[in-house]
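Student: I have this complex open on my screen and would like to talk it through. Could we start with one chain and then move on to how the chains meet?

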Amino acid sequence: MEGTEIVEDEGILRPMKCELNHLTMPDGSAMFMQGDTAVVAGIYGPVEARVQKMMYDKASIEVVYTPIKGPPCVDDRMREQIIKETCEAALIATLHPGTAICINVQELQDSGGLLACTVNAACLALINSGLSMKFMIGAVNCMIEKDSQKLILDPDTTQIQEAKATFTFIFDSSKKDLVSCQTTGRFTEKEFLYSFDKCKEASQCVFQFFRSIVTKYATRI
Amino acid sequence: MREVILSHCEKNFVNKAIDKETRLDGRQLLEARPVNIHFGSNWGCCIVSLGRTKAIAQVSCDIQKPKASRPNEGMLHINVELNPMAAPFFEAGRQSDPSVQINRQLERCLKDSKCIDLESLCIVADKKAWNLRVDINIINHDGNLVDCASIAALAALMHFHRPDVSSSEEEIIIHSFAEKDPLPLTIYHHPVCISFLVFENGNTIMDPTYLEEKVGVAQLTMGINSYRELCSLDFNYLTRTSVADVIPTISNQAANYAAELVSLIKESVRQDVEARYKKEVKNFGRFENCIATDKLTAMFTDKIPIKLSSWGKMDDREDEIMEDQKENEQIIKINKNSAELLLLKGDLFGNGGVNTWQNDSSSDDEEESSDEVVMVEETKTKCHVLDDIELSEDSEEEETQNMTKDDIQT
Amino acid sequence: MLEGDQDQEEDQGGLRNDGRRAAELRKIRVRMGVFGQADGSAYLEQGNTKILVAVYGPHQPRGSAARAGGKNVGGIINCQYSTAVFSFSAGERKRRPRGDRKSIEKSLQLRRAMESIIQLDLYPRSQIDVFVEVLQIDGSEYCVAVNAATLALIDAGIPIKDYAIGCTASLIDSTSKNDEDSSHAAGVVDATYMEECSPGATLSIIALPGSSNDATKGLVVVAQGAGQRLHLSRLEALRNRALCGCRDIRNILDRAVRQHLTVHSQPSFSTLHVID
């Protein structure tokens with residue numbers, strides 16, 4: 001308990017809104033909103049793979065992230081990579097050898113926590129597409145405020161401007177393990193572990209949301 | 001991935017339907033699909049859906065040196081991106097033939113027709129001018145991308161407000177939205193693209209769908225504003241056949257519909273902008289309106305408060321989890337025979353548990369008892385396990401009536 | 001500058017800046033078979049617009065066009081529209097000869113026009129290349145390119161259904177209402193660069209005029225309108241004006257082709273031992 005003091009507070013996840021099967025062309029799609037941050041994801045797969053990217057023993061996973069304005073920049077490529085690696089961990093790619101699974105994500109609006117929102121949208125779209133997954137993936141974004149050292153869960157754009165460090169943790173749903181994480185800014189190890197712990201707790205709400213939406217329609221079909 | 005080639009059966013089917021003046025979605029030949037416009041919380045951002053075709057547009061601006069040939073004018077740049085999400089045969093970041101065609105059609109319709117007052121976007125002649133950029137992403141492809149993109153572009157441009165600038169000599173101050181109210185663009189007239197498709201037998205349809213686009217033999221796109229003025233025209237043969245020129249016969253219809261469409265766009269932009277000027281509370285999160293609330297696959301939550309225990313109390317929390325589990329166990333104890341599967345049903349999705357979708361052949365008393373367990377579960381954990389989780393085959397059939405057409409299709 | 005031009009126009013007694021009447025074409029010069037290497041080639045001048053076209057084929061499909069139309073059983077037409085960097089008059093330089101949106105669009109439309117006249121079912125699984133090089137621009141360059149490409153196809157001996165003829169009709173100032181009765185009201189044919197840049201509208205039409213003498217019967221294959229606003233009521237007149245232009249161009253080109261063939265094919269018809 002020495003060094004920087006972390007102040008406790010009650011965290012709040014912004015309201016989540018989601019619609020599965022938002023688009024007609026993709027095999028699975030979802031529009032997902034966390035607060036004002038909105039993202040649409042669409043999955044095609046398994047489809048015919050391009051010769052260069054074909055793998056004989058498993059499906060190749062391609063991710064395309066499109067920003068709302070301008071051509072994709074380096075940050076967007078990084079986001080693509082994170083989604084790709086996360087989804088590779090979750091999907092059972094060996095079930096569809098020699099094919100491709102294309103995950104497309106379109107940003108609609110960024111009001112903080114865009115990466116978490118994209119990952120969650122991708123997971124919902126994967127659920128909707130019916131591809132076999134080992135586990136669901138859920139992401140939670142949090143930040144540590146500069147002055148008060150407070151941990152804020154799922155901050156919006158105005159809050160993020162006061163951030164000392166931001167974290168995005170992506171968890172799996174079965175073992176509740178960390179799948180990947182992305183951080184910005186400077187922070188101590190303790191702060192990291194603390195926010196990890198909190199996000200892990202919050203991720204259960206995200207998974208609960210995923211489950212409840214599936215329960216909502218799976219019981220009717 | 002290559003585009004799937006349409007089979008002869010499908011082609012013949014569509015052609016025969018058009019022969020009988022019937023369309024697969026029940027429209028008249030010269031009837032367009034409904035248009036929906038939703039604005040985002042930023043200026044100049046909107047989602048437009050034309051039937052199932054969806055496009056999202058965002059206008060952005062920055063300050064650049066104007067072109068040497070036009071030193072006292074701002075610039076307008078239009079970019080339509082065929083997102084691979086819209087269709088599997090679109091490739092990201094590649095200039096394909098259809099994308100070039102759509103881009104050029106929009107450029108001709110919006111840029112060459114001078115519908116935006118670019119001179120007012122100049123700040124210092126030959127030095128600084130606003131550079132407007134309209135990014136249009138097509139996210140779902142169900143034919144007639146041009147119309148959808150043009151509606152999105154026009155709505156976004158009409159909705160867009162740029163930050164105010166004040167310039168003293170040598171210095172330009174860009175005021176943030178908090179300092180000075182942003183300014184809308186000056187738009188002289190409002191052109192929209194209206195597309196038609198001609199079939200082998202000479203019938204012309206308006207607003208073709210994806211399937212129809214692949215069967216038709218000639219396409220016509222007219223950029224028309226509400227004053228019946230033509231801003232751009234494109235007529236192309238898609239396949240090697242010959243049909244008569246259709247422009248004279250349908251231009252009247254195009255102009256009438258354009259006027260209708262423009263007034264629809266104007267009205268929705270006006271409503272949204274006025275609401276913003278009044279700073280109404282629903283100012284944020286407008287995209288949520290795109291989500292159909294009544295759909296089975298849609299879901300909303302309110303804010304989820306999470307009690308954060310402090311760093312040192314990690315162990316306590318684990319105890320809590322243990323307690324939770326005990327609670328669950330207690331429920332199980334209520335009915336040991338059958339409860340286990342049902343009880344956890346809500347939690348089991350995606351959790352790697354036992355597959356609960358297949359019903360075991362269960363006897364009647366087990367069913368009754370399991371119902372009880374569901375009730376217990378609901379009251380205890382407030383989890384929305386619906387009552388219609390039923391075991392017997394008969395009741396399942398009854399439950400299926402709740403599905404609507406939309407749930408399956410969109 | 002433009003306003004000055006229009007003032008002049010009033011004084012010219014209905015003549016255009018270059019002294020033409022509204023429905024008058026520019027001087028057309030034709031030369032076919034300008035390259036030895038290509039299977040067919042043509043050089044066409046319409047006023048100061050100068051265009052060179054080479055046609056190769058039919059040959060085995062290769063390159064990107066073949067890959068794109070991989071499973072296509074019929075013939076493939078590959079068109080490339082490129083504009084020379086020195087083609088502009090006012091010392092302006094074009095940055096790239098091709099690959100920009102306008103060039104790609106024009107290649108696409110050129111291909112559509114060519115597809116409509118070539119009897120592709122005669123060439124299954126083969127490819128025909130049409131390369132267009134715009135040497136100098138003075139208006140209507142796309143239409144002239146189509147005319148030149150048609151000539152090059154004829155020179156290559158590829159069977160075509162009809163001439164694909166392009167012609168522009170331009171309304172110099174669509175906003176002025178006073179000259180309803182003057183000949184300019186229906187638009188001027190074969191617009192120059194200055195006329196295209198005027199605040200009016202330009203309609204480019206690629207048509208198959210056919211051999212009938214009724215000009216308005218021509219089959220429009222590609223039509224494209226650009227420029228500023230044009231009231232719908234004036235579209236029909238403009239279109240007819242352009243179709244009349246197409247007919248005139250067709251007649252001129254037809255005569256040129258026949259003349260070319262009589263001059264160049266005479267040796268093979270008459271004697272076999274002509275040495276040149």
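This is a predicted model: local features need pLDDT of at least 70, side-chain atom pairs count only at pLDDT 80 or more; totals for chains, interfaces and linings use all residues.

Student: How many helices and strands does chain A have?

Tutor: Its secondary structure comes to 4 helices and 10 strands, and read along the sequence these follow the pattern β-β-β-β-β-α-β-α-β-β-α-β-β-α. If we take the contacts in chain A between residues at least 6 apart in sequence, 66% of them join residues at least 24 apart.

Student: Which domain does UniProt place on chain A?

Tutor: The UniProt record, an unreviewed entry, places the feature "domain: Exoribonuclease phosphorolytic" at residues 13-131 of chain A. In the model, that span is 28% helix and 36% strand, and its end C-alpha atoms lie 28 Å apart.

Student: Switching topic, how many residues of chain C are in contact with chain B?

Tutor: There are 26 residues of chain C in contact with 28 residues of chain B. On the chain C side, α3 (101-117), β9 (219-227), β10 (230-231) and α6 (235-270) each supply at least two residues, and β9(C) gives the most, with 9 residues.

Student: And by class, what does that side of chain C have?

Tutor: The side of chain C that touches chain B has 13 nonpolar, 7 polar and 6 charged residues.

Student: Which strand of chain B is joined to β10(C), and how do the two run?

Tutor: Strand β14 of chain B, residues 229-237, is joined to β10(C) by 2 bridges, and the two run antiparallel. Within β10(C), C:His231 stands opposite B:Glu229.

Student: Where in chain C is the pLDDT below 50?

Tutor: Chain C averages a pLDDT of 80, with 78% of the residues scoring at least 70. Over residues 1-10 of chain C the pLDDT is below 50, and beyond near neighbours in sequence this stretch has 5 contacts in the model. Residues 268-276 of chain C also have a pLDDT below 50, and that stretch has 1 contact beyond near neighbours in sequence.

Student: What ipTM and pTM does the predictor give the complex?

Tutor: The predictor gives the complex an ipTM of 0.89 and a pTM of 0.83.

Notes:
Residues are numbered from 1 along each chain as its sequence is written. Chains are lettered from A and ligands numbered from 1 in the order in which they are written. Two residues are in contact if their C-beta atoms, placed from the backbone, lie within 7 Å. Ala, Val, Leu, Ile, Met, Phe, Trp, Tyr, Cys and Pro count as nonpolar, Asp, Glu, Lys and Arg as charged, and the others, Gly among them, as polar. Two strands pair if DSSP finds at least two bridges between them. UniProt positions are given in the numbering used here, feature names are shortened, and annotations may be inferred rather than shown by experiment. pLDDT is the predictor's confidence in each residue, from 0 to 100.
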